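Work through the exercises below with the structure in view. Try each task before you read its solution.

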Amino acid sequence: MTLEEAQQRVDDWINKVGVRYFSELTNLAQLVEEVGELARILSRTYGDQSFKPSDEEYNIADELADVLFVLICIANQTGVDLTEAFEQNLHKKTSRDHMRHKDNPKLHGDPNA
Ligand SMILES: [Mg+2]
């Protein structure tokens with residue numbers, strides 16, 4: 001699925017199932033909530049927190065998809081073409097940071113050494 005197709009699929013879903021888009025500010029809150037759910041899993045999987053039995057329903061792939069869904073909603077309702085935006089963003093990152101990470105000694109070697 002391309003980003004363009006994903007934006008269309010979300011728009012179709014919103015119109016058929018979701019009735020209408022939540023407001024931009026509600027979707028911002030939804031995005032933060034979904035990022036929080038992702039943070040919860042990552043914190044318990046890779047960080048020092050432990051899982052509770054109620055955490056069993058969560059999985060990283062599903063939470064990433066939740067984040068992507070809300071992000072796409074916000075793009076759709078603000079008129080952003082994510083394909084174009086992502087291409088431009090990668091170009092910006094590449095031209096701006098092309099030596100920055102290679103020259104960062106913190107990124108070389110074992111981070112736990
Ligand atoms: Mg979620």
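**Exercise 1.** Work out how helix H2 and helix H3 are oriented to each other.

Solution. Helix H2 covers residues 24-45 and helix H3 covers residues 60-77. They pack at an angle of about 160°, and their axes are 9 Å apart. Angles over 145 degrees count as roughly antiparallel. H2 and H3 are therefore roughly antiparallel to each other. The crossing of H2 past H3 is left-handed (the near helix is turned anticlockwise from the far one by less than a right angle).

This is a predicted model, where local features need pLDDT of at least 70, side-chain atom pairs count only at pLDDT 80 or more, and totals for chains, interfaces and linings use all residues. Residues are numbered from 1 along each chain as its sequence is written.

**Exercise 2.** Find residues of H2 that meet H3.

Solution. On the H2 side, the residues include Leu31, Val35, Leu38 and Ile41. On the H3 side, they include Leu64, Val67, Leu71 and Ile74. The residues of this contact divide into 11 nonpolar, 3 polar and 5 charged.

**Exercise 3.** Decide whether valine 19 is buried or exposed.

Solution. Next, count: valine 19 has 8 C-beta neighbours inside 10 Å, so it counts as exposed (12 or fewer; buried needs 20 or more, and partly exposed lies in between). Phi of valine 19 is near 70°, a positive value in a residue other than glycine.

Methods. Axes are lines fitted to C-alpha atoms, for helices over the stretch in contact, and angles run from 0 to 180 degrees between N-to-C directions. Helices (H or I, at least four residues) and strands (E, at least two) are DSSP runs, numbered from the N terminus. Angles under 35 degrees count as roughly parallel, over 145 as roughly antiparallel, 65 to 115 as roughly perpendicular and the rest as oblique. Two residues are in contact if their C-beta atoms, placed from the backbone, lie within 7 Å. Ala, Val, Leu, Ile, Met, Phe, Trp, Tyr, Cys and Pro count as nonpolar, Asp, Glu, Lys and Arg as charged, and the others, Gly among them, as polar.
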